[in-house]
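Reader: Could you give me a close look at the salt bridges here, and at the packing around the part they hold on to? I would like the cut-offs along the way, please.

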Amino acid sequence: MNNKCSFGQKFQKYWDRLYDLFSRFDNGIRVDREGLFSATPEKISLHQARKMDCKTIVDGFCGIGGNSIGFAKVCDKVYAIENNKNRIEMAKNNAKIYEVEKKIDFICGDFFEELKGIKAEGIFIDLQWGGPEYKELKKFKLFHFKPDGAKILKIAFANFKKVAMKVPDNFDLSELEIFDKSYEIEDNIMYDRVLFRTVYFVV
């Protein structure tokens with residue numbers, strides 16, 4: 001791997017952690033700038049998959065495929081949705097390198113439309129946080145997610161038995177009170193700090 005970040009010095013610290021995102025990076029893994037700071041590290045994605053323990057699952061916003069690969073190692077079937085054509089192609093490429101592409105249906109399209117034709121036990125939600133600038137917020141709210149987190153969760157609760165959502169460490173948990181759902185919050189730790197948190201709901 002070239003030790004110099006392909007996306008500029010601003011993202012060098014994320015580039016230096018590429019092997020945590022994909023241990024097989026040298027085998028031809030493809031990433032984009034957003035994936036550098038938004039993809040779930042490989043060990044954590046596998047942990048999330050085991051904790052959700054689903055036979056069939058939707059990775060609602062799959063990006064470059066980090067979580068989809070983790071789920072494919074545990075689940076029988078993964079439905080990976082992404083509206084960016086370039087990113088879905090990266091996810092397909094990366095899944096092939098991990099030899100799990102046959103367990104994943106990659107779907108390029110609008111989440112709200114594509115979800116209508118899918119039946120699955122669980123759903124994993126990893127929405128956009130607005131880039132590293134999210135850290136500047138004192139409390140991260142549901143409306144800060146793109147798309148709106150409240151809208152996505154309502155759909156998830158109505159259609160799936162198991163729901164999990166990746167949230168920043170400054171997410172305001174009081175935002176979840178409107179749903180009246182029990183949940184477990186887990187700190188996802190690497191480099192001796194909390195990278196982000198995962199909320200596992202009891203639906």
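Author: Glutamate 113 and lysine 116 form a salt bridge, with their closest N and O atoms 3.2 Å apart; the term requires a side-chain nitrogen of Lys or Arg within 4 Å of a carboxyl oxygen of Asp or Glu. Lysine 116 has a relative accessibility of 65% and counts as exposed (exposed is over 50% relative accessible area, buried under 20% and partly exposed in between, with a 1.4 Å probe and protein chains only). Please keep in mind that this is a predicted model, where local features need pLDDT of at least 70 and side-chain atom pairs count only at pLDDT 80 or more, while totals for chains, interfaces and linings use all residues. Residues are numbered from 1 along each chain as its sequence is written, and side-chain values use heavy atoms, leaving out hydrogens and water.

In the whole structure, the search finds 12 salt bridges. One of them joins glutamate 184 to lysine 51, at 3.1 Å from N to O. Because glutamate 184 belongs to strand E6 (residues 182–190) and lysine 51 to helix H4, this pair ties together parts 133 residues apart in sequence (helices, H or I with at least four residues, and strands, E with at least two, are DSSP runs numbered from the N terminus). Lysine 51 also has a salt bridge with glutamate 186, where the closest N and O atoms are 4.0 Å apart. Glutamate 186 lies in E6 too, so here the parts tied together are 135 residues apart in sequence. Elsewhere, Asp32, Glu34 and Arg87 are linked in a salt-bridge network.

H4 covers residues 42–52, and its buried residues are Glu42, Ile44, Ser45, Leu46, Gln48, Ala49 and Met52.

Setting aside neighbours within four places in sequence, methionine 52 is in contact (heavy atoms within 4.5 Å) with Ile57, Phe71, Ile123, Phe124, Lys162, Val163, Ala164 and Tyr200. Methionine 52 is also among the residues with the most contacts inside the largest nonpolar core, which has 36 residues (a core is a set of buried Ala, Val, Leu, Ile, Met, Phe, Trp, Tyr and Cys residues joined through side-chain atoms within 4.5 Å). H4 is one of the elements that give two or more residues to this core; others include helix H5 (66–74), strand E2 (77–82) and strand E3 (104–108). Helix H6 contributes the most, with five residues. Apart from this core lies another of 35 residues, including Ile118, Ile125, Val163 and Leu176.

Why is H5 called largely enclosed by the rest of the structure? Because seven of its nine residues are buried, namely Gly66, Asn67, Ser68, Ile69, Gly70, Phe71 and Ala72.
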